[in-house]
Amino acid sequence: MLADTALAVMWVGLTCYALFGGADFGAGVWDLLAGGSRRGLPQRRLIEHSIGPIWEANHVWLIFVIVLLWSAFSPVFAAVLSTLYLPLTLAALGIIARGAAFAFRKASTELWQQRLFGAFFALSSLVTPFFLGAVAGAVASGRVPPGLAAGNVITSWLNPTSALGGVLAVTACAHLAAVYLCADAARDGERELAPVFARRAVISGLVSGAVAGAGVAVLHADAPELFHGLTHRALPLVVLSAVAGLLGLVLLHRNRFVLARPAAALAVAAILWAWGAAQYPAMLVGGTTVEQAASDGAVLAACLVVLAVGALLLVPSLWLLYATFQRRTPAAGTGSRPSADS
Amino acid sequence: MAVTHDLAATAWPAVLSAVDKVSEGDLAAARAQMGFSLAWHIVVACLGVGLPALTLIAEWYGIRTGNPAHRLLARRWARAMGVLFAVGAVSGTILSFEMGLLWPGLMGRFGQVIGLPFALEGIAFFIEAIFLGIYLYAWDRLPPRRHLLTGLPIVVAGVASAFFVVCANAWMNQPRGFVLREGKVVDVDPWAAMLNPASPPQTVHMILAAFMVASFTTAAVYAVALLRGRRDAYHKAGFYIPFTLGAAVTPFQLVVGDWAARFLAEFQPAKLAAIEGVFTTGSHVPLTLGGVARDDALRYGLEIPNGLSLLVGYSPSTVVQGLDKVPRGQWPAVTGVHWAFDIMVGIGLFLLALGAWLLLSWWRGRRSRDELLDQRGSRLFLVLAAIGGPASVVALESGWCVTELGRQPWIVWGIMSVRDAVNPAPGLMTGLWLVLIVYAGMTVATVYVLRRLAKGTAVPLAPQEQDVESYPVV
């Protein structure tokens with residue numbers, strides 16, 4: 001019971017990381033595709049404006065998931081990180097490059113610096129979710145056996161399911177970011193950008209749907225156990241994801257940007273929970289169950305109590321953060337800020 | 001609490017998987033990568049703990065006195081804080097990855113034992129990140145005093161983060177809160193693990209070190225500016241605020257350092273023996289400064305008769321345990337640990353003397369505070385203060401070397417060796433090279449950006465900041 005609770009809390013953290021942190025990565029992808037330094041300036045400015053104050057807090061969800069995984073399910077943590085050493089090292093380096101370059105770009109004034117740091121920021125925003133998705137694919141397709149580096153160091157993450165996971169992660173992040181940015185643009189007086197991002201949101205949403213659809217065939221061939229779970233126990237969640245995704249696209253089409261946000265978020269969250277439901281109670285498919293991997297009851301209880309108390313501090317703090325920056329500023333939209341192009 | 005100090009327990013029954021696969025090169029690479037990324041992160045983390053306090057002091061002064069120099073200082077430091085916090089956040093995340101990527105043997109077995117402090121640290125870090133976002137970006141959205149208040153959680157959470165993380169490190173020195181039964185970790189008491197005997201001295205020592213490093217490095221930047229002749233109110237305040245804080249903390253740090261060493265004498269005598277280069281157990285042990293460990297003795301050092309016995313037990317007849325009580329295969333690298341310790345203490349005393357100089361000049365009453373910087377000896381004082389910044393970083397790294405190298409070959413003192421903990425996957429050396437390249441780039445960029453911020457024109461703190469353009473640039 002304690003172990004299941006810990007797993008559920010960890011999955012909530014993973015969902016938050018996908019919905020918030022993932023959108024920050026997606027914003028980096030759009031930064032990459034924004035075009036030349038002059039044409040792309042308004043978009044890049046909107047992206048910086050939107051994710052600047054919140055990306056570090058969003059990033060903490062990843063640390064939350066990692067720490068909870070090692071505290072509550074130590075053997076699974078050891079098995080996953082030792083076997084998937086390569087993609088996780090690459091994801092870690094991507095995380096470094098993304099965060100540091102974003103901060104450096106903001107502190108730079110000259111165009112060549114902004115271009116250099118911007119390129120690092122944008123490229124690593126593409127690479128990091130890909131590798132994290134590949135890691136998810138490796139775990140979901142049962143390629144991580146228990147034990148230290150017991151799986152194949154290469155093929156555990158270079159395989160069809162990992163490729164599916166990586167691509168789906170990138171497109172889903174991009175979709176979330178575009179949906180969120182629509183409403184940000186509409187609110188912050190960058191009205192001409194809202195339809196731009198709405199179009200991108202629709203395209204990335206359709207691409208995500210297509211990738212997921214193709215994924216059905218991939219999983220059928222490559223990860224039969226996961227396929228079975230997704231088409232049986234987790235089927236309602238898969239359907240929910242598809243319905244929410246379609247609803248989001250309709251709302252975008254009708255310029256209901258604020259309402260499109262929860263729809264898109266639900267579509268992504270439902271896929272994550274579908275994966276969890278399909279695989280449960282196995283943590284390492286074919287090897288370790290939740291009960292087998294769970295830590296001592298005292299550890300689980302202590303961590304859950306601490307997190308519950310922490311939530312009492314965190315929820316109002318997060319509310320303050322988002323509320324502070326989701327309000328319109330009186331000065332916003334005047335465009336008097338020194339141009340990043342100068 | 002139940003503790004197992006059974007040295008024989010190192011022979012793990014089939015340690016999760018084949019340890020003999022590990023090559024010497026990969027073990028060295030893993031240690032180098034962990035050491036390097038920790039050594040990098042620790043500097044940024046210390047600035048992340050100390051700099052918010054300095055910034056808040058400057059901002060508070062600015063609000064209270066209306067002095068524009070203080071307000072400008074607060075803005076400048078906040079900008080540096082934004083950059084440092086970002087690189088600190090990501091370099092810290094990498095460490096949590098590396099715990100599993102490099103040391104899965106440790107985490108698979110003991111991850112649950114040290115999970116609690118990390119969960120707490122996660123919460124503290126979350127609070128820090130949230131309020132940093134508000135503090136940095138809402139400068140023009142909140143009234144001044146409310147804005148100042150949003151900075152307080154950053155300081156509190158920063159100190160708390162340092163406390164929790166160092167608790168986990170202290171556990172590696174004093175593993176508590178679990179029982180080993182047939183090689184299995186059972187009966188875990190996470191609170192006893194977190195609040196182990198090494199936690200109090202180590203955490204206090206580290207937190208004070210963070211404030212010292214942040215203070216003396218910031219002061220050094222302004223000491224250089226003052227030496228270059230920019231003796232205006234802005235640069236003087238930029239020097240005095242951090243330097244006073246650093247000078248105030250230093251005496252306490254020496255007392256705490258003494259406590260930490262005394263703690264080792266009781267709880268980790270082998271570590272103290274390596275630190276002081278004591279090979280033979282006995283009384284009337286001298287304190288040796290410098291020297292080289294050769295043929296089971298510390299040679300060519302400067303010996304103070306009875307010094308160590310006096311320091312440990314206030315009496316020459318105090319018996320100090322030497323390395324002869326420890327199997328030879330479990331000795332840390334004595335010369336390195338000993339030198340790191342001497343360097344740390346030497347720099348600590350140097351910084352104490354600098355602080356005393358400041359205090360003395362105040363006591364002389366006739367001069368006002370600012371005249372310290374204008375009198376004849378001020379040049380020497382400022383040169384030394386400018387050296388004090390980098391020196392404090394060297395002391396920090398040396399202290400870190402003492403505690404980490406002094407723990408070798410153990411990753412969990414007396415229970416698990418680093419060799420048993422390392423990832424048996426091939427190719428760790430490649431990871432080391434990748435990490436070195438990325439960190440080299442990040443180091444260059446961080447220094448470059450911070451230098452630009454220090455002298456650059458008024459860059460907006462954030463896209464939301466509209467009024468910064470009108471700020472004077474000194």
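**Note on the predicted two-chain model**

1. Of the 474 residues in chain B, 54% count as buried, where buried means that 20 or more other C-beta atoms, placed from the backbone, lie within 10 Å of the residue's own, while 12 or fewer makes a residue exposed and anything in between partly exposed. Chain B contains 14 helices and 8 strands, these being DSSP runs numbered from the N terminus, with helices (H or I) of at least four residues and strands (E) of at least two.

2. This is a predicted model, in which local features need pLDDT of at least 70 and side-chain atom pairs count only at pLDDT 80 or more, whereas totals for chains, interfaces and linings use all residues. Residues are numbered from 1 along each chain as its sequence is written, and chains are lettered from A and ligands numbered from 1 in the order in which they are written.

3. On confidence, chain A has a mean pLDDT of 86, and 95% of its residues reach 70 or more; pLDDT is the predictor's confidence in each residue, from 0 to 100. Over residues 330–342 of chain A, however, pLDDT stays under 50. Where pLDDT is low, the predicted coordinates should not be read in detail.

4. Helix α13 of chain A (residues 297–326) has 30 residues and should span 44 Å at 1.5 Å a residue, which agrees with the 41 Å between its end C-alpha atoms; the expected span is 1.5 Å times one less than the number of residues. A kink of about 35 degrees in α13(A) is centred on A311(A), the bend at a residue being the angle between axes fitted to the seven residues ending there and the seven starting there.

5. The buried residues of α13(A) include V299(A), L307(A) and F325(A), and what covers the buried residues of this helix includes α1 and α3 of chain A together with α4 and α6 of chain B. L314(A), also found in helix α13 of chain A, is partly exposed, because it has 19 other C-beta atoms within 10 Å. Leaving aside its neighbours within four places in sequence, L314(A) is in contact with I123(B), F126(B) and I127(B), where contact means that the C-beta atoms of two residues, placed from the backbone, lie within 7 Å.

6. The contact between the chains takes 68 residues from chain B and 67 residues from chain A. On the side of chain B that touches chain A, the largest share, 17 residues, comes from α4(B).
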